[in-house]
Each structure stands twice: as structure tokens, then as C-alpha cells.
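Reader: I have a structure open and would like to go through it with you. Can we start with the ligand and then move on?
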Amino acid sequence: KLSEEDKVRSPICCMMGHIDTGKTKLLDYITGNVQEGEAGGTTQKMGATYLSARNILEKTMELKSDTKLKVPRPLFIDTPGYEFYTNLRSRGLGLCDFAILVVDIMHGLEPQTIECLNLLRMKNTEFIIALNKVDRLYGWRICENAPILEAMKQQTKDVINEFNMRLNEIINQFKEQGLNSELYYKNKEMGETFSIVPTCAISGEGIPDLLLLLVQLTQKTMVEKLITYVDKVQCTVLEVKVMEGYGTTIDVVLVNGELHEGGQIVVCGLQGPIVTTIRALLTPHPIKELHVNGNHVHHEVIKAAECINIIAKDLEHVIVGTALHVVGPDDDIEAIKELVMED
Ligand code: GTP
Ligand code: NA
Ligand code: MG
């Protein structure tokens, strides 16, 4: 039987934005988990990673906030900004409780920023705007990991002028899209006006602020939406990959429900439904949070929300982005096979 605590699952946050605005880099910075050499390259899939509680405490210390995590730490889903991947952005967002919309301060709103904005509104998802790459402002003085107001104090008048000019232009561009936005520390109408956090994903200016807002948004979402754990399995395939010693495996994000070792699953394949049995469920070693490259941890059962690597036979032709279904004792396998292929 589930305890009260077990009924709450981790909230899920989606990284969204135009190509090369710094979504993956920001994620690397705030989670401390480097995304397998991804930042800088073009993200071509969805990825999932946890923010460690330790990171939140360390990185918000400067703001002297009492950010004790009363809610589970968020799980992040990274999405590609490349125009071709509308489908993955939409699917990624569909899995999430809230989002971070990343905008490059030097470029302002770009085509996929607007596409993401429309998706966010269509799905009625709350979000924070990260105005990234502030270090690109001409003459920016680096202040590693500083809260943004601290960092601004160290800048020359020219830098502050350029910052304000670009910020106002971007606020206007959002207004043209019908969206009110404001610097988060000036925002008095949360909910109606969206908060902007200036950030740098290289030297960390504004990261404490972003983490603080994330914690607040997490708590608010948890209270308002009552993200409760439900039994019904909701699980999406993020990646198909070959792992040494295991053959072809899949990375999935489990949004709800639980998966069992030995359980029968059905996934969508190029040549039709694939019915297979879970041989092993792996998650990255917790030691990874300590920046050590460890192995994986085996689990007999895993509960949502979690990103998991599944070892099973016949996974070569699984289509990423599609749903994974679990076959229960009373389920009609033929019906599930049909359902899987509709995705
Ligand atoms: P896609 O996944 O392809 O959409 O890109 P992305 O939004 O994940 O951007 P990514 O993290 O790959 O960063 C793109 C480039 O911008 C990389 O070369 C990063 O090093 C650089 N970059 C990201 N954030 C910052 C920043 O705050 N300042 C500076 N100067 N460069 C940044
Ligand atoms: Na990129
Ligand atoms: Mg990326």
C-alpha cells in the first residue's frame, strides 16, 4: 500500500526554445549531469535528467533563500530546437508539468520560440523564460554563479544600457505575441505576467535565480495540480541505443505508474508492434550526482517519475517518441498491439 509520500510523483519540467539558445547547456549547468557531450551539438532527441537536491541547495545559497525541498526534485526533459523536430517538442511538452522557454538575449524571439510559445499556450502549461547568453553583451564582466542582480552591479553603464535595450525589445516581441512578460524580480502579477530570468549557461550568472524560481514553480504546481502518482502506466520511449554487453536497449521516461522486471511490454516498431519482456531495469548510479562516472543500478520495480534504461529482446526497430504499454494479467494483448500502433 502506498504511503502519503509515495502518492506524490516528481514534477516534470520541459526545456523548450529555438535551436542553439542554450537549452542543453543550461540543463548541464543546473543539473550538474553533462548530457553525453550534447551541448553545442544539435539535440536530435528528447533526453531526461534529474536535478539533484544538493545542486539546488548549493547553487541557491547565495540568494540566502530557505529553499528546502518540500516537494520531489523535478525531472527535466530536454527537447531539440531544430525546426524539423516539432513532433518531439510537442511530445516532450506533453509529458511535462511546466517548462523553461529559453531565449537568446542577442537574438530575441525566433521562429521556434514562437512555435514553442504557441504549444505552451495550447497545452496551458506554465513556464519561466530564461533569457540566456547575457555574457554575450559587449563588455560583460563575468561573475561566476552570481545571482543576476549581483552580477548586474558589476557591469558598466554601457552593458546595463545594452541589457535594458535588448530586454525591452524582447518584452515587446512577447507582447506582439499577446504575452505579458517582466523581469522576475519586478513581476507583481505572477500567473498573468510571465517571469524572465537572465542567465548565462557558461559562467552561471542568474542560475541561482533560475533554480529558485524552479523550486517555487514546482511547489506551486504541486499544490495546484496535485501531481499525484497514479497506477496507470504512462511511459514514452526517448531513445534506442546499443549498450555494451546488453545489445539494443531503450531509454524511456516513466511519467506515471510502475515498471517491473520480468513484466511484459508492447512497444511501437517500424514493422509492427513488438511484444517483449523486461530483462532488466537500470537507472544511472546515484553516485553520478557526485560527478563520478559510475555504473548503473538494477531495479526490480521502478515508480514514476523516472528516466530508465530497459534491457529486453527485439528492441532494434522501436520508434522513439512513442508510448510503451504494459501488459497486465487481465489485458487483451491483441488490443494493446493495436493501441500501440496508433501512436
Ligand atoms: P539545440 O538542442 O540544437 O536546439 O540547441 P540548444 O538550445 O540545446 O543549445 P546548446 O546547449 O547546444 O548551446 C548552443 C551553443 O551556445 C553552444 O555552443 C553553447 O556552448 C553556447 N551557449 C549556451 N549557453 C550559452 C551562454 O549562456 N553563453 C554563451 N556565450 N554561450 C552559450
Ligand atoms: Na545546439
Ligand atoms: Mg540541445
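Reader: Which helix gives the most to the shell around ligand 1?
Author: Helix α1, residues 23–31, does, with three residues. Bear in mind that this is a predicted model.

Reader: Which residues come nearest to ligand 1?
Author: Gly 22, Thr 24, Lys 25, Thr 43 and Gly 81, out of 22 residues around the ligand.

Reader: And by class, what is in that shell?
Author: The shell around ligand 1 has nine polar, seven nonpolar and six charged residues.

Reader: OK, what about confidence? What is the mean pLDDT?
Author: The mean for the protein is 86, and 83% of its residues reach 70 or more. For the complex, the predictor gives an ipTM of 0.99 and a pTM of 0.86.

Reader: Where does pLDDT stay under 50?
Author: Over residues 287–294. The model has eight contacts beyond four places in sequence for that stretch.

Reader: Back to the whole protein. How many helices and strands are there?
Author: Eight helices and 17 strands. Of the 343 residues, 41% are buried. As for contacts between residues at least 6 apart in sequence, 71% join residues at least 24 apart.

Reader: I see a sheet with β11 in it. What is the strand order?
Author: The order is β12-β11-β17, in an open sheet of three strands with antiparallel pairing.

Reader: Why is one side of β12 and of β17 left without a neighbour in the sheet?
Author: Strands β12 (272–277) and β17 (325–326) stand at the edges and each has a single partner strand, so one side of each has no neighbour there.

Reader: How many bridges join β11 to β12?
Author: Six, and the two strands run antiparallel. A hairpin through two residues connects β11 to β12, and Gly 269 stands opposite Gly 272 in β12.

Reader: And how many join β11 to β17?
Author: Two bridges, with the strands again antiparallel. Val 266 stands opposite His 325 in β17, while Ile 265 has Val 326 as its bridge partner.

Reader: What holds strands together in general?
Author: Strands of a sheet pair through backbone hydrogen bonds, either parallel or antiparallel.

Reader: New topic: helix α3. Which of its residues are buried?
Author: In α3, residues 86–94, the buried ones are Leu 88, Arg 89, Arg 91, Gly 92 and Leu 93.

Reader: What do they pack against?
Author: The buried residues of α3 pack against strands β1 (12–17), β3 (75–78), β4 (98–104) and β8 (234–243), and against helix α4 (111–122).

Reader: I clicked on Glu 115. Where does Glu 115 lie?
Author: In helix α4.

Reader: Why does Glu 115 count as partly exposed?
Author: Glu 115 has 18 other C-beta atoms within 10 Å. A residue needs 20 or more to be buried and 12 or fewer to be exposed, so Glu 115 falls in between.

Reader: Last one. How far apart are Glu 115 and Phe 98 in space?
Author: They are 16 Å apart, C-alpha to C-alpha, and 17 residues apart in sequence.

Conventions:
Residues numbered from 1 in each chain as written. Chains lettered and ligands numbered in written order. Predicted model: local features only at pLDDT ≥ 70, side-chain atom pairs only at ≥ 80, totals over all residues. Helix = DSSP H or I, 4+ residues; strand = E, 2+ residues; numbered from the N terminus. Contact = placed C-beta atoms within 7 Å. Pairing = 2+ DSSP bridges. Near = placed C-beta within 6 Å. Nonpolar A, V, L, I, M, F, W, Y, C, P; charged D, E, K, R; others polar. pLDDT = per-residue confidence, 0-100.
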